[in-house]
Structures are given as C-alpha cells and as structure tokens.
Amino acid sequence: MFRDMENQVEQEEKTRLINQVLELQHTLEDLSARVDAVKEENLKLKSENQVLGQYIENLMSASSVFQTTDTKSKRK
C-alpha cells in the first residue's frame with residue numbers, strides 16, 4: 001500500500017512537471033511570435049523613417065530658407 005501511494009505521488013509529480021513544461025513551451029512560442037512581430041514592425045518603421053528623411057531632405061534642398069548664404073556679401 002505504501003508503494004502504491006509512492007507511485008501515485010511520483011505520477012502526480014511527473015504530470016505536474018509535464019504540464020509546467022508544456023506551459024513554458026507555449027509561453028516561449030508566444031514570446032517568439034511577439035519578437036518576430038516587433039522585428040517586422042521595426043523594419044517597417046525604419047523604412048518609413050528613411051522615406052520621410054529623404055522627403056524632408058528634398059524639401060529642405062528645394063527651400064531657399066535652408067540654402068547656404070554668402071554672409072560676406074550681405075555685411076557692409
């Protein structure tokens with residue numbers, strides 16, 4: 001009888017550990033999927049940032065406000 005109780009306790013511990021491992025595997029899968037999503041979003045935002053940077057650069061080069069001026073000719 002004592003041996004049966006010992007086996008039952010062992011089996012319950014094994015079951016608990018298996019469930020814990022499965023839960024950790026699911027958590028790892030979820031985290032991995034989240035990391036992939038964040039990487040994808042980061043690449044998208046970097047690309048958008050480059051486009052906006054180029055757009056701003058083009059606007060600045062087309063605007064006379066941002067053109068370099070010859071300060072010697074303006075000072076008298």
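**Labels and the numbers behind them**

Mentor: Let's start with residues 14–48: their end C-alpha atoms lie 51 Å apart, and the span is 100% helix and 0% strand. Keep in mind that this is a predicted model.

Trainee: What makes residues 14–48 a "coiled-coil region"?
Mentor: That name comes from the UniProt annotation, in an unreviewed entry. Such annotations may be inferred rather than shown by experiment, so treat the name as the record's wording.

Trainee: How many helices and strands does the protein have?
Mentor: Two helices and zero strands. Helix H1 takes in residues 2–62.

Trainee: Why is the contact between Glu6 and Arg3 called a salt bridge?
Mentor: The closest N and O atoms are 3.3 Å apart. The cut-off is 4 Å between a side-chain nitrogen of Lys or Arg and a carboxyl oxygen of Asp or Glu, so the pair qualifies. Glu6 and Arg3 are three residues apart in helix H1, which means about one helical turn separates them. In general, side chains of opposite charge can pair when their charged atoms come close.

Trainee: What makes Glu13 and Arg16 a salt bridge?
Mentor: Their N to O distance is 2.8 Å, and the limit is 4 Å, so they count too. Both lie in helix H1, three residues apart, about one turn of the helix. Glu13 has a relative accessible area of 36% and Arg16 has 44%, so both are partly exposed. A search of the whole structure finds two salt bridges.

Trainee: How much of the protein is buried?
Mentor: Buried residues make up 0% of the 76 residues. The accessible surface comes to about 7,700 Å², with 57% of that belonging to carbon and sulfur atoms.

Trainee: What makes the patch with Asp36 and Glu40 negative?
Mentor: Asp36, Glu40, Glu41 and Glu48 gather there on the surface. Asp and Glu count as negative, so the patch does too. Glu40 lies in helix H1. At 60% against a cut-off of over 50%, Glu40 is therefore exposed.

Trainee: And which residues make the nonpolar patch?
Mentor: Tyr55, Ile56, Leu59, Met60, Val65 and Phe66 make a nonpolar surface patch of about 640 Å². Tyr55 sits in helix H1.

Key. Residues numbered from 1 in each chain as written. Predicted model: local features only at pLDDT ≥ 70, side-chain atom pairs only at ≥ 80, totals over all residues. Heavy atoms only, no water. Helix = DSSP H or I, 4+ residues; strand = E, 2+ residues; numbered from the N terminus. Buried < 20%, exposed > 50% of the residue type's maximum accessible area, 1.4 Å probe, protein only. Areas by Shrake-Rupley, 256 points an atom, 1.4 Å probe, with all protein chains shown as cover. Patch = residues over 30% accessible without salt bridge, like charges linked within 9 Å, V, L, I, M, F, W, Y side chains within 5 Å. Charge placed at Lys NZ, Arg CZ, Asp CG, Glu CD.
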